[in-house]
Protein chains: 2
Amino acid sequence: MAPHPFQTLGVEETRIAREVILSSHPDAVVDFREIYLQEPEKALMKQYLDLEHASTPGQSPASKRPPRLAKCQYDIIGSDKIPEYHESVVDIESKKRVKHEVIGKEFHASLTLWEFQILLEACKKSEMFQKAMAEFKFPDGFELVVEPWPYGGLDLQSENRRYFQGLCFAQDTRNGNADSNFYAYPLPIIPILDAHKKEIVRIDRLATGGKGDSLTGQTHSEKVLDHCQSGEYVPELVDLRKDLKPIDITQPEGPSFKVTDESLVEWQKWRFRLSFNPREGAVLHDVHYDGRSIMYRLSFSEMTVPYGDPRPPFHRKQAFDFGDGGAGNCANNLSLGCDCLGVIKYFDGVVIDSDGQPREHPNVICLHEQDNGIGWKHTNWRTGRAVVTRNRELVVQFIITLANYEYVFAYIFRQNGDLTVEVRATGIVSVVNIDPGKTSEYGNVVSGGVLAQNHQHLFCIRADPAIDGHNNTVVYEESHSMPIDKDTNPQGNFYQIRKTPVTHSAGLDAAPQHNRVFKITNPNKKNPLSGNPVAYKFMPPPTQKLLAARGSIQSNRALFTDHHVWITKYQEGELYAAGRFTLQSQNEKGGVTDMVKRNDSVEDEDIVVWNVFGLTHNPRVEDWPVMPIDIFHVNFRPADFFDRNPAIDVPSNKNNSSVLVEKDCCSSDQKL
Amino acid sequence: MAPHPFQTLGVEETRIAREVILSSHPDAVVDFREIYLQEPEKALMKQYLDLEHASTPGQSPASKRPPRLAKCQYDIIGSDKIPEYHESVVDIESKKRVKHEVIGKEFHASLTLWEFQILLEACKKSEMFQKAMAEFKFPDGFELVVEPWPYGGLDLQSENRRYFQGLCFAQDTRNGNADSNFYAYPLPIIPILDAHKKEIVRIDRLATGGKGDSLTGQTHSEKVLDHCQSGEYVPELVDLRKDLKPIDITQPEGPSFKVTDESLVEWQKWRFRLSFNPREGAVLHDVHYDGRSIMYRLSFSEMTVPYGDPRPPFHRKQAFDFGDGGAGNCANNLSLGCDCLGVIKYFDGVVIDSDGQPREHPNVICLHEQDNGIGWKHTNWRTGRAVVTRNRELVVQFIITLANYEYVFAYIFRQNGDLTVEVRATGIVSVVNIDPGKTSEYGNVVSGGVLAQNHQHLFCIRADPAIDGHNNTVVYEESHSMPIDKDTNPQGNFYQIRKTPVTHSAGLDAAPQHNRVFKITNPNKKNPLSGNPVAYKFMPPPTQKLLAARGSIQSNRALFTDHHVWITKYQEGELYAAGRFTLQSQNEKGGVTDMVKRNDSVEDEDIVVWNVFGLTHNPRVEDWPVMPIDIFHVNFRPADFFDRNPAIDVPSNKNNSSVLVEKDCCSSDQKL
């Protein structure tokens, strides 16, 4: 059977695409970057999905099936050794290239992990780097670790070569543990790689001063690690607490979800397709509840992590973790009983090596159910009868590691119709060396010699809604105080709900002081009870926007952070809030700000809703050595979409595995 | 052994207090309202706790024990039958009344549930009410239900009698189910009780119109229920979903917590005392982590629920659920396997009847552990080694039912030092009748004939911090963009953290656009790593404040809603954000706004921090018939309080009860 049009490109399909590309460039050296599904055009998919939803469950319609396409990203290495970046689209069935684009030199392809290897090898070979390192006296048993990073936004407009930088640390090898935390020993030096030359071309030297010191002064001693201290987190190097008893989560009758047709997930009236790609990670498609359409596509689109330390070269410390390297590429291989509890279904992805050969990327998504406390409850105080249901959730989760840092991304489905996007930030905060006894206004000293720099995490999710159909209108609703008025508000308790439809593509902000709620409505369908258009709503988290000054490189590259909410008209291929190319970008090109400039009508149209939220992270000592999760939620909730609480039919059965605490853990008299 | 000074007053102690009161008023009729623990003066408790913490675990110090006191609230019924409200304090050991206060007529005692019975009986006896009811033609098999409510803020300054109002509904008895949802059939009539006369003295008639109709017009027909429809939620009246499989949560080795000395809870380095009282419900005392003090007391102080419908008498529809009737009084008797899963420890409270006789109020608090996903994670991408810990939580929970509505209140402790206050709002939204086919700007039509009125829920929690001691200072910190400057900010990426200590008692607001964080610091103790004062921080949820117009009765009664954060100097007995007496209040008296007016120094002083947050609830159709939970969190987090992530020592053991999904639930090929 042919794969579903939304299904992640398989190993065999990837291999076909690779061969088509190789045969399209018979005389060239091809360095592959990515091969993944080029999703079908929406116009074609709408026809296909209409047929699919009208057909017998499990029977995909053979007619109207859009062509199965692979997006191929690769460098063609010319005789001058300077790679030229190409993007092609291959039709898998016909084995033909159907689109070919040579990307201009003003853009940089996303990095690949094997480019990082080039940096490590170049450091080893670089005399310049070895000489610079020799200026430091390491304590006995310490060894250098180089951590490759994207170069960040160029501060010189004049040149646009492809660079990478290496953050340097030292690892204490005396404990013989390969996972001893080297981030606790930062070195004030950064080698710069010219990726085309494969050479270290410059050494950046970092200031290590504190308050009152200059931005560029070299104040450190040669024994730059002597005031650092260990910051271990692997269990064998930590004195663990011993009084934690296990919580076992079991599902003796199995899970309530069903996965069929490889990508189709059905659970508690929800039905959606799941795919995985190297840039966005897990993506939801064609999300329905009880046979009614809610989203055509939901994804994490982009994030940026700018640092607030003004000392050069930290103005370049700004990651775009989706555009620069790909969240999917950085996905963890998840593990049973650690990353999730209960009955777990894992999904694999596919990655390629630089020769284009595909292999499986196992367990990149996990799917499981969880109990999240009470779902709804009411007690009739006359009869004493309490009806209480649990809040069961289905979680689609993936986790990425970006050098020191991790993000746990999840889509959470609830029986009550809520669809929540969750981000948990954890991992090791990015640190630099600071001289003994100093403190800094650019960050917080979290360990001896270790300054955790102030930074922000700004995420953007992309929701392509289909609220009972593709033509939707966003209306934002506010609640406003009204003056006392003898006719309309005699006692001053009235407040007014004001509704404003968004007519043209726009960037808008959260306004919690007005209880501003964004409703994605279908203006063509009314709720039979309330008479309002059916809708899903969300309240954008009113988190701080980008702090970098307007006109700065950090700001120019991340214009998508200018507003909490963007409404754009759907246009094929517009998936990325900061544009297709973020690596080493100078300006956001083709991002939401450009999309909005079209000033499209977005009333009763096929629209896309973008939400930007985040965290200004001024580190605490408690964020060291691995920070406890910080959690963020964006909750899409039905608003007059259904004709009652969709979870009212959830059984209120008592769970018989719960028990009273045994006496011996508590004093004999258990009364307060 | 004598009970711990914070321990909830026991049945026997309550009985002694009752007898002392009765013998203090030998010739009077005494109607009791409440008897509960009068907590010891802080000055005495500080001495006691110092000794306790210095003594052998489990050995409470006998010396310095403050006297055990009972607060007694009661009416003395005079010969004119008009009750006079008294509050006395009784020393349990000496069996003496040590304080006695007669409360002025300008204040009303909190209501008791037996006052509600008076309303119901008065309705039965009232000819006026019977006559008014005869104007309606019920469908066959429908019967009247009267729901007692507090009267709300008086709109006439001239009189201050004690009133209650009855919201009227009809119940469909044809299904023979006593829990059939009568709220689906609202009647546009409200009988008013004079509580002293025990008579219905007035009938309020409700407008049932919609947009464009007058505020007072009587537009309904006599068949006022004919366009209503059933809204059942009890499982036997609902067509339940059948595909939900159980999730079992077990703790084969028992829980990780320990409860000793009746009120002392110890869990994962946390240690605190737990008590329960009729007004605030569950209260935390003397909260420590790893032997260090964090809070002296933490409680839910007050909440108000004002309605935004300007039609009389809905301007009086405004509950103060803690001050009016007592959250503790309305606490549910919690049930194993429904309200919580896992190994549960319940605590009982004590309530009295109107004759002062005490009895146990079973299972009013539950204590349990839960797993909340990943706690922290890091993968070393060089070695591939992932260390991942779970986010274990300890939950202290109580649930209250207020007529139609419920709140789930919880204190959540985490191994990482976080202490979170959680509120879940659920239950049945308050509704009134609306004429067929009409809609309203005062609410949303959620079922035939049923208008769910727009309203707000505004909560106030009271934190009496003791960050490594009682003398603390609140500093609020903001992050600000800085202009590009060649010396200090050459590339524009620097942002400045601004710290402002709160020097005098004040009301302050959330400012998420500046990432405003409130740090409760101990200015006398510095973190050895960062050099900053040790602190716990919180970011107040930037939720909408009260919408009722300034100067309105709703606003005058709830001035505590004017700011998100209040800082006051500790003063004995100041527990209630809206003041001691809220029932039928005209103005907030003795609430936080009055406390702040003292303009006390709050720098390096014993301070109290109040946080107001809430929800503007413009109902959705999906909130009917029982609304899915809305969740609110206030998270107190350590900020340079510890010298590392306190959860870094949590074991990262794999849970062996987790399993892979079985093939038969999924298609044979499990790859995406």
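Contact, on this tour, means heavy atoms within 4.5 Å. Keep that cut-off in mind as you click around, and remember that the model in your viewer is predicted.

**Stop 1: a glutamate in chain B**

Select E115(B), which sits in helix α3 (residues 113-125) of chain B. Is E115(B) buried or exposed? With a relative accessible area of 8%, E115(B) is buried. Now show what surrounds this residue. Leaving aside residues up to four places away in sequence, E115(B) is in contact with R33(B), S110(B), R162(B), F164(B) and L193(B).

**Stop 2: a hairpin in chain B**

Stay in chain B and colour strand β8 (residues 189-194) together with β9(B). These two strands pair in the antiparallel sense, over six bridges. To see one facing pair, pick D194(B), which stands opposite E199(B) in β9(B). Next, look at the turn: four residues lie between the strands of this hairpin, and K198(B) takes a positive phi near 60 degrees.

**Stop 3: where the chains meet**

Zoom out and show both chains. How many residues of chain B are in contact with chain A? The count is 200 residues of chain B, in contact with 200 residues of chain A. About 16,200 Å² of area is buried between the two chains, and carbon and sulfur atoms give 52% of that area.

Polar links are there to explore too. Between chain B and chain A there are 110 residue pairs in polar contact. Strand β18 (residues 358-380) of chain B gives the largest share of the side of chain B that touches chain A, with 14 residues. Coloured by class, that side of chain B shows 85 nonpolar, 70 polar and 45 charged residues.

For a place where strands from the two chains pair, select residues 248-250 in both chains. Strand β9 of chain A and strand β10 of chain B run antiparallel here, joined by three bridges. Within this pairing, T250(A) stands opposite D248(B) in β10(B).

**Stop 4: salt bridges across the interface**

Side chains of opposite charge can pair when their charged atoms come close. Twelve salt bridges are counted between chain B and chain A; over all chains the structure holds 107.

Begin with E236(B) and R385(A), whose side chains meet in a salt bridge at 2.8 Å, N to O. This pair crosses between chains: E236(B) lies in the loop between β9 (199-205) and β10 of chain B, and R385(A) lies in strand β18 (residues 385-402) of chain A. How accessible are the partners? E236(B) is partly exposed, at a relative accessible area of 44%. R385(A) also counts as partly exposed, at 25%.

Then select D179(A) and R385(B), whose side chains form a salt bridge at 3.6 Å, N to O.

**Stop 5: salt bridges within a chain**

In chain A, go to D487(A) and K486(A). Their side chains meet in a salt bridge at 3.6 Å, N to O, and both residues are exposed.

Move over to chain B and select R550(B) and D562(B), where a salt bridge spans 3.1 Å, N to O. R550(B) is in the loop between β30 (533-538) and α6 (553-557) of chain B, while D562(B) is in the loop between α6 and β31 (565-569), so the pair ties together parts that are twelve residues apart in sequence. R550(B) counts as exposed at 63% relative accessibility, whereas D562(B), at 16%, counts as buried.

To view a network, select E393(A), R414(A), D418(A), R637(A) and D630(B) at once: salt bridges that share partners join these residues.

**Stop 6: a glutamine in chain A**

Finish at Q397(A), found in strand β18 of chain A. Q397(A) is buried, with a relative accessible area of 7%. Not counting residues up to four places away in sequence, Q397(A) touches several residues of chain A, among them L334(A), C340(A), V364(A) and F409(A), and also I374(B) from the other chain.

Key. Residues numbered from 1 in each chain as written. Chains lettered and ligands numbered in written order. Predicted model: local features only at pLDDT ≥ 70, side-chain atom pairs only at ≥ 80, totals over all residues. Heavy atoms only, no water. Buried area = accessible area lost by both parts, 1.4 Å probe. Salt bridge = Lys/Arg side-chain N within 4 Å of Asp/Glu carboxyl O. Polar contact = N/O pair within 3.5 Å; in protein donor to acceptor, adjacent residues only side chain to side chain. Nonpolar A, V, L, I, M, F, W, Y, C, P; charged D, E, K, R; others polar. Pairing = 2+ DSSP bridges. Buried < 20%, exposed > 50% of the residue type's maximum accessible area, 1.4 Å probe, protein only.
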